[in-house]
Amino acid sequence: MAMELASLDQRLPLVQQASLRDKVVLVRFDHNVVKKGIINDPFRIDRTLGTLFYIVAQGGKPIMMTHVGRPRDKKAGTIKVSADSGVEPIVAYLESKLHVKIEVPSFPAGEQGITAIDTSINHNIRRLREGEIAGIYLPNTRWFAGEEAKGEAREDFALQLAGLADVYVNDAFGSWQPHASTFDVTKHLPSYAGYLLQDEMRHLELVLNPARPFVGVVAGAKYDTKIGPLQALYQQVDRLILGGVIYNTYLCAKYGVKIAGVAEEDIAAARDLVTADAEAGKIIELPYIVESDILGREEGKYRTRALSELKPGMELGYVLDIDPKSFEAPAVALALGQAASIFVNAVMGFTPHFTDGSRALDTTIDANRAAAKLYGGGDTLQEFKDLCPGLYLSVLDNAQYYFFTGGGSVLKAIEQHSAYGLEPVAALMANAANLQGKGLDG
Ligand SMILES: Nc1ncnc2c1ncn2[C@@H]1O[C@H](COP(=O)(O)OP(=O)(O)OP(=O)(O)O)[C@@H](O)[C@H]1O
Ligand SMILES: O=C(O)[C@H](O)COP(=O)(O)O
């Protein structure tokens with residue numbers, strides 16, 4: 001049975017309502033799929049091709065942009081502009097798929113990244129308007145000093161972005177953080193949601209109003225941005241399974257152990273979860289973890305440990321994976337086997353060295369044929385595809401599966417109790433209301 005989808009809030013302005021003929025369209029994607037200069041999984045790019053085709057078919061001239069990685073050093077206040085986090089592999093992929101020429105402008109960069117979009121881009125915008133090139137792809141948005149800045153630098157960058165185009169389209173579901181290219185720019189241009197964003201919003205309802213029992217599986221590394229939303233997910237789920245760095249902090253808080261690489265301040269936040277769970281008992285623990293002496297994989301230097309061995313004060317090495325036999329534990333098998341819907345934002349181990357936990361998770365979940373299986377996250381999807389390629393191919397068109405292009409975004413929407421609470425989405429709606437107020441819409 002196919003998943004039943006909610007309709008969209010009518011206040012969300014949609015790209016199909018925009019007039020695009022001969023307009024330069026600034027379109028924000030989440031093509032954050034490049035690691036060390038290589039694309040492992042182009043799924044996020046592929047999902048945006050419909051919007052791109054639509055813009056061009058309507059006579060629009062696209063200027064595309066995305067962030068890649070996290071090149072800003074928050075503490076030092078510097079931005080690392082290096083080929084590793086460039087958009088070139090994305091552009092090469094688009095050019096080879098679409099058989100067109102896309103220009104990537106370059107701007108001078110220093111320790112603070114790129115401080116301005118200078119006028120050198122005008123030549124390319126002219127070529128774009130005249131049809132000499134099919135599109136422009138801006139450098140990584142996070143290379144620009146204004147993207148994540150506060151105050152004037154950010155406002156200037158948003159204005160510079162807006163100055164390039166006539167219309168703005170956001171199709172970057174995964175990019176939930178309110179930055180200049182996802183949020184502030186909407187103050188200056190008529191702004192619309194792309195087709196991917198629309199599709200993701202409709203599917204978000206399946207997580208916000210899930211069929212029950214609803215099980216959440218969250219793992220991975222982005223502890224800093226995910227621990228907050230995790231508390232909200234905890235309220236929403238019937239059962240919660242943790243893995244990755246998030247599980248490590250939870251284990252430290254629950255069992256009073258030390259795990260290499262887990263900072264004391266991170267354990268503090270996990271304590272709230274432990275306290276809440278002492279009453280509600282929703283967390284199903286994966287009972288076997290893989291401990292390693294080094295932050296890597298070397299024969300003889302890693303081993304499986306059972307949670308039953310943990311004693312307060314114990315010091316463990318790095319915990320880098322979940323032992324697959326954890327998924328055979330009765331409580332775990334029961335929770336996943338009886339769920340009516342499952343949300344997965346989970347890379348269970350330190351990739352690419354430790355992958356057994358993720359593989360076991362995906363196959364265990366697949367065995368529950370009846371559940372709606374909602375996967376989200378850049379790495380989560382990539383790992384699913386790499387570790388279980390046959391399964392991935394077989395479920396791509398399976399109506400019981402849906403793959404969100406962002407895991408953090410789903411968690412954030414849960415935290416806001418609404419898909420429309422995501423700040424870039426709320427900004428689109430505010431922009432539409434503002435234009436209507438001025439009689440400028442349509
Ligand atoms: N125990 C662990 N120790 C260190 N790193 C881990 C561990 N478990 C998982 N990881 C790392 O977590 C990363 C994936 O986590 P991340 O939070 O980025 O997930 P994601 O699926 O990309 O979600 P999103 O799209 O929200 O970013 C991988 O790089 C993986 O190597
Ligand atoms: O990969 C992701 O989760 C998105 O691209 C968002 O990235 P961010 O968490 O660095 O904002």
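Biologist: How do α7 and α9 lie to each other, roughly parallel or roughly perpendicular?
Modeller: Happy to start there, with the reminder that this is a predicted model. The axes of α7 (residues 223-236) and α9 (residues 264-280) come within 11 Å and cross at roughly 10 degrees. Angles under 35 degrees count as roughly parallel. The two helices, α7 and α9, are therefore roughly parallel.

Biologist: Which residues of α9 meet α7?
Modeller: From the α7 side come Tyr223, Ile227, Leu230, Gln231 and Tyr234. Sorted by class, the contact of α7 with α9 holds seven nonpolar residues, one polar and two charged. The partners in α9 are Asp266, Ala269, Asp272, Leu273 and Ala276.

Biologist: How many nonpolar residues does the contact of α6 with α14 have?
Modeller: The crossing of α6 past α14 is right-handed. On α6 the contact is made by Leu204, Val207 and Leu208, and on α14 by Val410, Ala413 and Ile414. With no polar and no charged residues, the number of nonpolar ones in the contact of α6 with α14 is six.

Biologist: What about α11 and α12: roughly parallel or roughly perpendicular?
Modeller: Here the axes of α11 (residues 356-366) and α12 come within 10 Å, with a crossing of roughly 85 degrees. An angle of 65 to 115 degrees counts as roughly perpendicular. So α11 and α12 are, to each other, roughly perpendicular.

Biologist: How many charged residues does the contact of α11 with α12 have?
Modeller: Ser358, Arg359 and Asp362 take part from α11, and Glu383, Phe384 and Leu387 from α12. The class tally for α11 with α12 gives two nonpolar and one polar, and the charged count is three.

Biologist: Let's turn to the ligand. Which residues come nearest to ligand 1?
Modeller: Several elements supply at least two residues each to the shell around ligand 1: α8 (244-255), β19 (318-322), α12 (378-387) and α14 (407-415). By class, that shell divides into seven nonpolar, two charged and 13 polar residues. Of the 22 residues around ligand 1, the nearest are Gly220, Ala221, Gly244, Gly377 and Asp379.

Biologist: Which residue stands opposite Tyr318 of β19?
Modeller: β16 (residues 288-292) and β19 pair in the antiparallel sense over four bridges. Across from Tyr318 in β19 stands Ser292.

Biologist: And the sheet of six strands: which of its strands stand at the edges?
Modeller: This open sheet has parallel pairing, and its order is β7-β10-β4-β1-β11-β12. The strands at the edges have a single partner strand each, so one side of each lacks a neighbour in the sheet. Those strands are β7 (102-103) and β12 (191-193).

Biologist: Inside that sheet, which residue stands opposite Met64?
Modeller: Strands β4 (residues 61-65) and β10 (residues 135-137) pair in the parallel sense over two bridges. The residue opposite Met64 lies in β10, and that residue is Tyr137.

Biologist: Where is Pro352 found?
Modeller: The bond leading from Thr351 to Pro352 is also a cis peptide, with omega near 0 degrees. As for its place, Pro352 lies in the loop between β20 (341-345) and α11.

Note on methods:
Residues numbered from 1 in each chain as written. Chains lettered and ligands numbered in written order. Predicted model: local features only at pLDDT ≥ 70, side-chain atom pairs only at ≥ 80, totals over all residues. Near = placed C-beta within 6 Å. Nonpolar A, V, L, I, M, F, W, Y, C, P; charged D, E, K, R; others polar. Left-handed = near helix turned anticlockwise from the far one by under 90°. Contact = placed C-beta atoms within 7 Å. Pairing = 2+ DSSP bridges. Axes fitted to C-alpha atoms, helices over the stretch in contact; angles between N-to-C directions. Parallel < 35°, antiparallel > 145°, perpendicular 65-115°, else oblique.
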